[in-house]
Amino acid sequence: MNQDNSHSIILFDGVCNLCNSSINFVIKRDKDNSFKFATLQEEPGVSLLKRYNIDTFNTDSIILIENGKAYVKSTAALRVAKKLSGGWPLLYAFIIIPAFIRNWGYDYIAKNRYKWYGKKDSCMIPTPELKAKFL
């Protein structure tokens, strides 16, 4: 699969309501068109998981691929926030907190996301306007 290196790629759980809401949040604040998106459950997301040797048993909610490197969990979320419009880049300051501490909260939310927010039967289908943002 040919990856466009001018964009960072966000892989996300396509059946998770929280994840889908988060992707819509990012799309609205991605004024520089920095991101492309793919679900973890479908191609090309599955191929990217294999290419970057990511085990979805341990990481199954958000993965950021940027400059040939994969970032997971809270590090991925903070790196995404850094590129958003508005005050969201300020959240990147939390990167100074060790990942094992940041990921404790991240993992707690990820573990309970289906229970709290529900899930869909199938992956999100982007609207025609948004289709260009998806791999």
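Start by selecting strand S3, residues 62-66, in this predicted model. S3 is mostly covered, with five of its five residues buried. Turn the view to look at each side of the strand. Side chains in a regular strand alternate between the two faces of the sheet. Here, Ile-62, Leu-64 and Glu-66 are buried on one side, while Ile-63 and Ile-65 are buried on the other.

Show strand S1, residues 8-12, which runs antiparallel to S3 and is joined to it by four bridges. To line up the two strands, pick Ile-9, whose bridge partner in S3 is Ile-65. Now bring in strand S4, residues 69-72, which also pairs with S3 in the antiparallel sense, over four bridges. Stay on Ile-65 and look across to Ala-70, its opposite number in S4. Then follow the chain from S3 into S4: the two strands form a hairpin with two residues between them. Click on Asn-67 in that turn, where phi is positive, about 50°.

Select Tyr-71 and Arg-79 together: Arg-79 lies over the face of the tyrosine, at 4.1 Å from the ring centre. For another arrangement of this kind, select Tyr-114 and Lys-119, where the lysine lies over the ring face at 4.5 Å from the centre.

Now show the aromatic side chains. How many aromatic pairs does a search of the whole structure find? There are six. One of them is Phe-25 with Trp-88, an edge-to-face pair with 4.9 Å between centres and 85° between planes. This pair links distant parts of the chain, 63 residues apart: Phe-25 belongs to helix H1 (residues 17-29), and Trp-88 to the loop between helix H3 (73-81) and H4. Phe-25 is partly exposed at 28% relative accessible area, and Trp-88 is also partly exposed, at 34%.

Move on to Phe-37 and Phe-134. Their ring centres are 5.6 Å apart and their planes meet at 40°, so this pair is tilted. Phe-37 sits in strand S2 (residues 35-39) and Phe-134 in the segment after H4, so the pair ties together parts 97 residues apart in sequence.

Finish on the surface. Select Tyr-108, Ile-109, Trp-116 and Tyr-117, which form a nonpolar patch with about 420 Å² of accessible area together.

Definitions and conventions:
Residues numbered from 1 in each chain as written. Predicted model: local features only at pLDDT ≥ 70, side-chain atom pairs only at ≥ 80, totals over all residues. Heavy atoms only, no water. Buried < 20%, exposed > 50% of the residue type's maximum accessible area, 1.4 Å probe, protein only. Pairing = 2+ DSSP bridges. Patch = residues over 30% accessible without salt bridge, like charges linked within 9 Å, V, L, I, M, F, W, Y side chains within 5 Å. Areas by Shrake-Rupley, 256 points an atom, 1.4 Å probe, with all protein chains shown as cover. Salt bridge = Lys/Arg side-chain N within 4 Å of Asp/Glu carboxyl O. Phe/Tyr/Trp six-rings, centres within 6.5 Å; stacked < 30°, edge-to-face > 60°. Lys NZ or Arg CZ within 6 Å of the ring centre and 35° of its normal.
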